[in-house]
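User: I am new to this structure and would like to learn how to read its features. Could you take me through them step by step?

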Amino acid sequence: MFLDGPGGTQVPQRVIDAISDYLSRNNANTGGAYQTSRNTDSMIAEARSAMADFLNCDADEIVFGANMTTLTYGMSRALGRDLGPGDEIVLTLLDHDANFSPWKALEEKGVVIRAAKFNEVDCTLDMADLASKIGSRTRVVAVGYASNAVGTVNNVAEVVGLARQVGALSYIDAVHYAPHGLIDVRQLDCDFLVCSTYKFFGPHMGVLYGKREHLKKFRPYKVRPNTDNIPNCWEWGTLNHEGIAGIKACVDYWEEVGRQSEKERSGQTRRESIVRAHAALHQHERQMMEKMIAGLLAIPGLKLYGITDPSRFENRCATIVVRIEGHTPLELATKLGERGIFTWDGNYYALNVTEQLDVERLGGFLRIGLVHYNTMDEVDTLLAALREIVG
Ligand SMILES: Cc1ncc(COP(=O)(O)O)c(C=O)c1O
């Protein structure tokens, strides 16, 4: 029973097939004067345009990379080339460390980091604190779309607006949000957004969206023979081509879910299907989350961190962390694991969260992460197992 979607999701057969098919038929480098290389070029172009539909942007605004962390280090170093003393970057304590440490590393150039707090009672971002930290010296505001620990979904549209008001760039970490909610970078009007396909039923890779004007204007670190054209100039070395083939198949999967969810209408675009898929999956996740949270709260000695009021569930996703008196998270995860139920324990790299809530020294939390392939029966099984374990 996979209840660790936040650590990485299982993949549909079509993703596996696309990866192995690429390796068996078209395994080649790009830009060569022979067939399998040309096939590789066109496959990558198709995957780029599929991801562009997933995020609602243009294909030349999609950068592929090893994972979100690598892409963020690359982009933060590039943006940091023009920064120095007197410049500030605003981060949040609710974020995964991959949207924290790469920016904090710019302190070595004299950049000042200002980290916004979160409200401990419900683990929501302290928007007043965030707004107070954004000012005329702010150059970048980097914020997560959703927390991979406590499940809070942040009002990133508001954060993007605050950044824009002072002429700062917005950098959105949508890694945790992507399997749970529709992303529309055009509507958000963010400058950058990153996600990782292995969190939404694809291969282990990362994807960065950058506004075309920024991808053209900022200077990536790159080797000389690499092109100056976007988006390739932001992609270092030979990419994971089989993974990219899997990304295309992953977006195809989303499209198919959307088509199936509403008796296929002729002329429906890929983006429209993705929008429909999200609407259908959201409802199912919401029902599982309601049942799971109600069931967890009834377990004696259990403390759930994050939003627990069902009337506010639109502001959270089905990623739930708990601690249970008298049991370490590792002990709980191990006992669940022995029963074939896979959850995670610890800090999941959301280090500032576990430190601020003072649970880092206690083994962090037990995290239960639901995605659309989980079922109401699995929710019942997890609850029964936990009740049995805690006696
Ligand atoms: C919210 C969030 N941001 C960033 C990351 C890092 O992503 P990657 O493993 O692609 O570097 C993760 C991984 O768990 C995450 O959950």
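This is a predicted model: local features need pLDDT of at least 70, side-chain atom pairs count only at pLDDT 80 or more; totals for chains, interfaces and linings use all residues.

User: In what order do the seven strands of the open sheet run?

Analyst: Two strands count as paired if DSSP finds at least two bridges between them. Here the order is β1-β9-β8-β7-β6-β2-β3, with mixed pairing. The edge strands, which pair on one side only, are β1 (62-65) and β3 (112-116), and neighbouring strands are turned by 20° against each other on average, with direction ignored.

User: Which strands does α3 lie across?

Analyst: Helix α3 lies across β1, β6 (138-144), β7, β8 and β9 (206-210), and its direction is at about 160° to β8.

User: What is the volume of the largest pocket, and which residues are closest to its centre?

Analyst: Its volume is about 630 Å³, and of the 35 lining residues the closest to the centre are H96, Y198, K199, Y348 and Y349.

User: Which helix gives the most to the lining of the second largest pocket?

Analyst: That is α2 (residues 35-55), with four residues. This second largest pocket has a volume of about 370 Å³ and is lined by 18 residues, of which T30, R48, N232, E235 and L239 lie nearest its centre.

Notes:
Residues are numbered from 1 along each chain as its sequence is written. Side-chain values use heavy atoms; hydrogens and water are left out. On a 1 Å grid over the protein atoms alone, a cavity is a set of points where a 1.4 Å probe fits but cannot get out, and a pocket is an open set with protein on both sides within 12 Å along at least five of seven lines; lining residues have an atom within 4 Å of a point. Grid points are joined across faces, edges and corners, and a volume is the space filled by probe spheres set on the points. Helices (H or I, at least four residues) and strands (E, at least two) are DSSP runs, numbered from the N terminus. Axes are lines fitted to C-alpha atoms, for helices over the stretch in contact, and angles run from 0 to 180 degrees between N-to-C directions. Contact means heavy atoms within 4.5 Å.
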